[in-house]
Structures are given as C-alpha cells and as structure tokens.
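Hello,

Here is the structure I promised to pass on to you. Please have a look at it first, and then read my notes below.

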Amino acid sequence: MWEPGNSVSFLKLVNDLTDKPLEGDDWVNQLKQELDHVITSEKEAYETAGAALDAGTAAGTAGDTSGDDDGDGDGEIDLDMRIRIVDGDDIIADTTEDGGFLKTCNKFEQYIVDRYRK
C-alpha cells in the first residue's frame, strides 16, 4: 500500500539506479552526437521495427496482442519484472496477481474506461 514518502524525485531515481548523479554533461554528451549519425541510427531502428511488423503481417500475426516475445509459446510478453499500477491505496492492476503483462494492461485499460468514460 502507498505510504507517505514513497515518492522519489527524478534525479534521486537516476542516482539510485546508476549510482551517480545526473549532471549537465550527461545531457550535453547525448546532444553532441553528429546529426547524420543520429538520423542514420534512428532510421535503421525504425526500418528494423517496420520489417519485424511486416514479417508479422505476412505470418498473420500483426496486431495480435497475444505477444510471446520470450518464445515459450504461452502468448505472453515477459518483461522479467513485476508491474503494479496503483492509485493511492488502490491496486488497479498487478502482473503477479493478474497473470502477466497483457492481462494487467487489459485490466488497466478497463479501469480507465470505467472511470473516465462519460
């Protein structure tokens, strides 16, 4: 359950995850990349993703939300982590309790529809 103090600032989160503070030089170094290199790299990633989608279309699987990125045939996306979606004290969805990532996504989607549909 949520308790006061569970919130962590972005900079503290980065520091905790990387064991070093995020500094201006980190941002600047990312921005120093040659534009042509960035464009080429991003275009390559885009085309690779498009080719994978096209391959799924040819196999009749594009748009299939059953996933199965871990290749074990269970139709689930394995992120190798537990995800809990909470609102205050309310647990909206939980990958452990709901039986996987896609079921958690569906449960959260239904929560949003139920709560905000006018």
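What follows is a short tour of what I found, from the overall picture down to single residues.

Please keep in mind that this is a predicted model. The mean pLDDT of the protein is 79, with 75% of the residues at 70 or more. Over residues 58-66 the pLDDT is below 50, and beyond near neighbours in sequence this stretch has eight contacts in the model. As for the secondary structure elements, confidence is lowest in helix α3 (residues 35-58), where the mean is 81, and highest in strand β2 (residues 90-94), where it is 95.

**Overall picture**

The protein has five helices and two strands, and along the sequence they come in the order α-α-α-β-β-α-α. Of its 118 residues, 9% are buried. The exposed surface comes to about 9700 Å², and carbon and sulfur atoms supply 54% of that. If you take the contacts between residues at least 6 apart in sequence, 23% of them join residues at least 24 apart.

**The hairpin**

Strand β1 (residues 84-87) and β2 run antiparallel and are joined by four bridges. Together they make a hairpin with two residues between the strands, and Gly 88 in the turn has a positive phi of about 65 degrees. Across the pair, Val 86 faces Ile 91 in β2, while Asp 87 has Asp 90 in β2 as its bridge partner.

**Salt bridges**

How many salt bridges does the structure hold? There are five, and I would like to show you three of them.

One is between Arg 82 and Asp 94, with the closest N and O atoms 2.4 Å apart. Arg 82 sits in the loop between α3 and β1 and Asp 94 in strand β2, so this pair ties together parts that are twelve residues apart in sequence. Is Asp 94 buried or exposed? Its relative accessible area is 3%, and because anything under 20% counts as buried, Asp 94 is buried. Arg 82, at 47% relative accessibility, counts as partly exposed.

Another is between Arg 115 and Asp 87, whose side chains meet at 2.6 Å, N to O. Here Arg 115 belongs to helix α5 and Asp 87 to strand β1, so the pair ties together parts that are 28 residues apart in sequence. Both residues are partly exposed: Arg 115 has a relative accessibility of 44%, and Asp 87 has a relative accessible area of 32%.

Asp 26 is partly exposed at 24%, and Lys 20 is partly exposed at 43%.

Thr 95 lies in helix α4 (residues 95-98). Its relative accessibility is 10%, so Thr 95 counts as buried. Which residues does Thr 95 touch, leaving aside those up to four places away in sequence? They are Met 81, Arg 82, Ile 83, Gly 100, Phe 101 and Thr 104. Arg 82 in that list is also the salt-bridge partner of Asp 94.

Further along, in helix α5 (residues 101-116), are Phe 108 and Tyr 111. The structure holds one aromatic pair. The ring centres of Phe 108 and Tyr 111 are 6.3 Å apart and the planes lie at 15 degrees, so the pair is stacked. The two residues are three apart in the helix, which means that about one helical turn separates them. Phe 108 is partly exposed at 30% relative accessibility, and Tyr 111 is partly exposed with a relative accessible area of 23%.

**Towards the start of the chain**

Finally, Leu 11 is in helix α1 (residues 10-18). With a relative accessibility of 51%, Leu 11 counts as exposed. Its C-alpha atom is separated by 9.3 Å from that of Glu 23, which is twelve residues away along the chain.

I hope you enjoy looking through it.

Best wishes

Conventions: Residues numbered from 1 in each chain as written. Predicted model: local features only at pLDDT ≥ 70, side-chain atom pairs only at ≥ 80, totals over all residues. Heavy atoms only, no water. pLDDT = per-residue confidence, 0-100. Contact = heavy atoms within 4.5 Å. Buried < 20%, exposed > 50% of the residue type's maximum accessible area, 1.4 Å probe, protein only. Pairing = 2+ DSSP bridges. Phe/Tyr/Trp six-rings, centres within 6.5 Å; stacked < 30°, edge-to-face > 60°. Areas by Shrake-Rupley, 256 points an atom, 1.4 Å probe, with all protein chains shown as cover. Salt bridge = Lys/Arg side-chain N within 4 Å of Asp/Glu carboxyl O.
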